[in-house]
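Here are some exercises to work through with the viewer open. Try each task before you read its solution.

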Amino acid sequence: MDQKIKMLFEDSRSTDKERMYSSYLAILEATEQPVDWAYEVWDGLVAGLGHKDNHQRSRAVQYLANLAKSDPDKRMLEDFPRIWVVTKDEKFVTARHAVQSMWKIALAGPEQNELVTIHLSDRFRNCEEEKNGTLIRSDIQQNFRNIYDVQQDENLRQTALQLIDSVDDPKYKKKYKAIWK
């Protein structure tokens, strides 16, 4: 890993909000493509999933989701349960950022795709009573749509539509279906 990337990760933990945010954006951009330094930061990011600062937890999830494509050893399969915990974070914004990142993990390979699809489907079925459950359901459907747009997997689309059909409230059913238009 070059010095610039190391500095970005250091800056992403800065107390200076502008420095932190610009490094956050730069790291997300750097990890849009596979990188050869993923394992140099991986363990620190996994540890960051339990950080006392919700911003650090959120960034750890997002960075790991982006790095999933740079994980030939499939460490994601082992670390996924710790990542998934953040989708139910006490801070809703943190939980939501985690949920919104799941689709990137699914694109890393068939095993990751199955793991994410199972977890998102289960969460969709069981989050109705959660505070902001309809937003979570919408984010889950957007995850499925993002995966579908890349993979064109008709089975995934059918799974997503079946989940929508299980919704009783016509207003929300219509909202979730609009994601698939």
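**Exercise 1. A serine and its neighbours**

In which helix is S138 found? Work out whether S138 is buried or exposed, and list what S138 touches beyond four places in sequence.

Solution. Keep in mind that this is a predicted model.
- Step 1: S138 sits in helix 8.
- Step 2: the relative accessible area of S138 is 12%, and the cut-off for buried is under 20%, so S138 is buried.
- Step 3: leaving out residues up to four places away in sequence, S138 touches K175, Y176 and I179.

**Exercise 2. Aromatic pairs and a cluster**

How many aromatic pairs does the structure hold? Take the pair of Y24 and Y63, classify the geometry, and say which parts of the chain the pair links.

Solution. 
- Step 1: the count of aromatic pairs is nine.
- Step 2: for Y24 and Y63, the ring centres are 6.3 Å apart and the planes are at 40°, so the pair is tilted.
- Step 3: zoom out, and Y24 and Y63 turn up in one aromatic cluster together with F9, Y21 and W37.

W37 also gives us a way into the next residue, I5. Which helix holds I5, and what does I5 touch? I5 is in helix 1 (residues 3-11). Leaving out residues up to four places away in sequence, I5 touches A30 and W37. At 10% relative accessibility, I5 counts as buried. The C-alpha atoms of I5 and A26 are separated by 8.9 Å, while the two residues are 21 apart along the chain.

**Exercise 3. The core and a helix pair**

Find the residues with the most contacts inside the largest nonpolar core, then describe how helix 6 packs against helix 7.

Solution. 
- Step 1: the largest nonpolar core has 50 residues, and M102 and I105 have the most contacts inside it. As background, nonpolar side chains tend to be buried together in soluble globular proteins.
- Step 2: I105 touches A65, A68, M76, F80, I83, Q112 and V116, with residues up to four places away in sequence not counted.
- Step 3: helix 6 (residues 92-106) and helix 7 (residues 110-126) pack with their axes 8 Å apart, at an angle of about 150°. Angles over 145 degrees count as roughly antiparallel, so that is the label for helix 6 relative to helix 7.
- Step 4: on the helix 6 side the contacts come from V99, M102, I105 and A106; on the helix 7 side they come from Q112, N113, V116, L120 and R123.
- Step 5: pick N113 out of that list. N113 has a relative accessible area of 12%, so N113 is buried. Apart from residues up to four places away in sequence, N113 touches A106, I147 and Q151.

**Exercise 4. Two positive phi values**

Where are N132 and Q152 placed, and what is phi for N132 and for Q152?

Solution. 
- Step 1: recall that most residues other than glycine have a negative phi.
- Step 2: N132 has a positive phi, near 65°, and is found in the loop between helix 7 and helix 8 (133-151).
- Step 3: Q152 also has a positive phi, near 55°, and its place is in the loop between helix 8 and helix 9 (154-165).
- Step 4: N132 has 29% relative accessibility, so N132 counts as partly exposed. Q152 is partly exposed too, with a relative accessible area of 48%.

Terms used: Residues are numbered from 1 along each chain as its sequence is written. This is a predicted model: local features need pLDDT of at least 70, side-chain atom pairs count only at pLDDT 80 or more; totals for chains, interfaces and linings use all residues. Side-chain values use heavy atoms; hydrogens and water are left out. A nonpolar core is a set of buried Ala, Val, Leu, Ile, Met, Phe, Trp, Tyr and Cys residues joined through side-chain atoms within 4.5 Å. Buried means under 20% relative accessible area, exposed over 50%, partly exposed in between (1.4 Å probe, protein chains only). Contact means heavy atoms within 4.5 Å. Rings of Phe, Tyr and Trp (its six-membered ring) pair if their centres lie within 6.5 Å; planes under 30 degrees apart count as stacked, over 60 as edge-to-face and the rest as tilted. Helices (H or I, at least four residues) and strands (E, at least two) are DSSP runs, numbered from the N terminus. Axes are lines fitted to C-alpha atoms, for helices over the stretch in contact, and angles run from 0 to 180 degrees between N-to-C directions. Angles under 35 degrees count as roughly parallel, over 145 as roughly antiparallel, 65 to 115 as roughly perpendicular and the rest as oblique.
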